[in-house]
Amino acid sequence: GIQTLSPSSIKLTWDSVSGVTYRILSRGAITSSESTNATIVATGSSTSYTNAPLSGTRRYYRVLAIP
């Protein structure tokens, strides 16, 4: 799920598996390079990530489970 917290900040929430590591990636455009925003180890069945406020730039996010 995606929740808007302010005009430049969002919270991503997804179903997770406890103990699995998830990497949150983002990019400013579909054709630009991805950058890693965070790496989180899940502690339950739901995990969240809140981004730092951005300067009005559109971002595309991807959450990956790391084996």
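1. pLDDT is the predictor's confidence in each residue, on a scale from 0 to 100. This is a predicted model, and the chain averages a pLDDT of 90. Of the residues, 96% score at least 70.

2. Strand 1 has the lowest, with a mean of 84, and strand 5 the highest, at 96. Where pLDDT is low, the predicted coordinates should not be read in detail.

3. Three strands form an open sheet in the order 1-2-5, and their pairing is antiparallel. Strand 1 (2-6) and strand 5 (46-50) are the edge strands, each pairing on one side only. From one strand to the next, the twist averages 20°.

4. Look at the pairing of strand 1 with strand 2. Strand 2 covers residues 9-15, and the two strands run antiparallel over 4 bridges. Here serine 6 stands opposite serine 9 of strand 2.

5. Now the interior. In soluble globular proteins, nonpolar side chains tend to be buried together. The largest nonpolar core in this model has 8 residues. Its members are Leu12, Trp14, Tyr22, Ile24, Ala38, Ile40, Ala42 and Tyr49. At least two of the core residues come from each of strand 2, strand 3 (21-27) and strand 4 (35-41).

6. Which residues is isoleucine 24 in contact with, leaving aside its neighbours within four places in sequence? Among them are Leu12, Trp14, Ala38, Ile40 and Tyr49, each of which is also listed in the core. Isoleucine 24 also contacts Ser35, Thr36 and Asn37. Tyr61, Arg62 and Val63 complete its contacts beyond those neighbours.

Conventions: Residues numbered from 1 in each chain as written. Predicted model: local features only at pLDDT ≥ 70, side-chain atom pairs only at ≥ 80, totals over all residues. Heavy atoms only, no water. Pairing = 2+ DSSP bridges. Axes fitted to C-alpha atoms, helices over the stretch in contact; angles between N-to-C directions. Core = buried A, V, L, I, M, F, W, Y, C linked by side-chain atoms within 4.5 Å. Buried < 20%, exposed > 50% of the residue type's maximum accessible area, 1.4 Å probe, protein only. Contact = heavy atoms within 4.5 Å.
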